[in-house]
Amino acid sequence: VGLVTYLDMETLSSGKLGDLSGRGNGGQLFGTSDTAGKIGRARNFDGAIDYVKIANSPSLTLGSFTYTGWVRRGVFSGVWDVILFKGAVNAQGFGLLISNAGRLYSYFGLTNVISPASIPINSWAFVAVTINQSSVNGGNCIYIDGNLSICGALATQAVSNTNITIAATLTKEGAWANQNMSGTIDEV
């Protein structure tokens, strides 16, 4: 399939973050501000109401896939700092969040893994998640700064047809309800 979306978090097109993959999966901005990034400019998120929304499209109906980004955590603001969210745990979703201890939490449907290593506050970290549905025993892997942190099992599932959000959950589901990112995200 190849690249399905690429947001450098600085290129604007018609008031949205432009999708440099050419597939039209740009991101609508909600309250986030422009700031210095790891590469060029990035988006800063206040931990309360800022986020980016990428509307669902057929090219975002994924099987096995990888997503990456640069993250710079700010002061922790809630139960979870959200990097990327597409559907809730009980709704065929997936996402990457940061715990209050700075550990990365990747979920895919009802299965999840949490990194033993943490990412520091106010320092850039390159994070990546691979979801490989043909390897259910080790198909959910988290990488930090290019190094494998952990792989865990996942249940094969269809991916939800919900929007992707960067830096917010926008759900009413339990501990996931209305969580936001405090920090900076670049090159998603």
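By class, the residues that line the largest cavity comprise 6 nonpolar, 2 polar and no charged residues, where Ala, Val, Leu, Ile, Met, Phe, Trp, Tyr, Cys and Pro count as nonpolar, Asp, Glu, Lys and Arg as charged, and the others, Gly among them, as polar. The structure is a predicted model, in which local features need pLDDT of at least 70 and side-chain atom pairs count only at pLDDT 80 or more, whereas totals for chains, interfaces and linings use all residues. Residues are numbered from 1 along each chain as its sequence is written, and side-chain values use heavy atoms, with hydrogens and water left out.

A search of the whole structure finds 1 cavity of 30 Å³ or more, a cavity being a set of points, on a 1 Å grid over the protein atoms alone, where a 1.4 Å probe fits but cannot get out. The space in the largest cavity amounts to about 60 Å³, a volume being the space filled by probe spheres set on the grid points. Its lining, made up of residues with an atom within 4 Å of a point, consists of Y67, T68, G69, I83, L84, L96, V127 and V188. At least two lining residues come from each of β7 (65-73) and β8 (81-86), strands being DSSP runs (E, at least two residues) numbered from the N terminus. The most is given by β7, which supplies 3 residues.

The structure holds 1 disulfide, defined as a pair of cysteine sulfur atoms within 2.5 Å. This link is formed by C141 and C151, whose sulfur atoms are 1.9 Å apart, and with 110° about the S-S bond it is right-handed. Because C141 lies in strand β13 (residues 140-144) and C151 in strand β14 (residues 147-152), the pair ties together parts that are 10 residues apart in sequence. C141 counts as buried at 5% relative accessibility, while C151, at 35%, counts as partly exposed; buried means under 20% relative accessible area, exposed over 50%, and partly exposed in between (1.4 Å probe, protein chains only).

A further residue considered is S115, which lies in strand β11 (residues 111-118) and counts as buried because its relative accessibility is 0%. A polar atom of the S115 side chain lies 2.6 Å from the backbone oxygen of A117. When residues up to four places away in sequence are not counted, S115 touches R103, L104, I142, I144, S149 and I150, contact meaning heavy atoms within 4.5 Å.

Key. Helix = DSSP H or I, 4+ residues; strand = E, 2+ residues; numbered from the N terminus. Polar contact = N/O pair within 3.5 Å; in protein donor to acceptor, adjacent residues only side chain to side chain. 1 Å grid on protein atoms, 1.4 Å probe; cavity = no way out; pocket = protein on both sides within 12 Å on 5 of 7 lines; lining within 4 Å.
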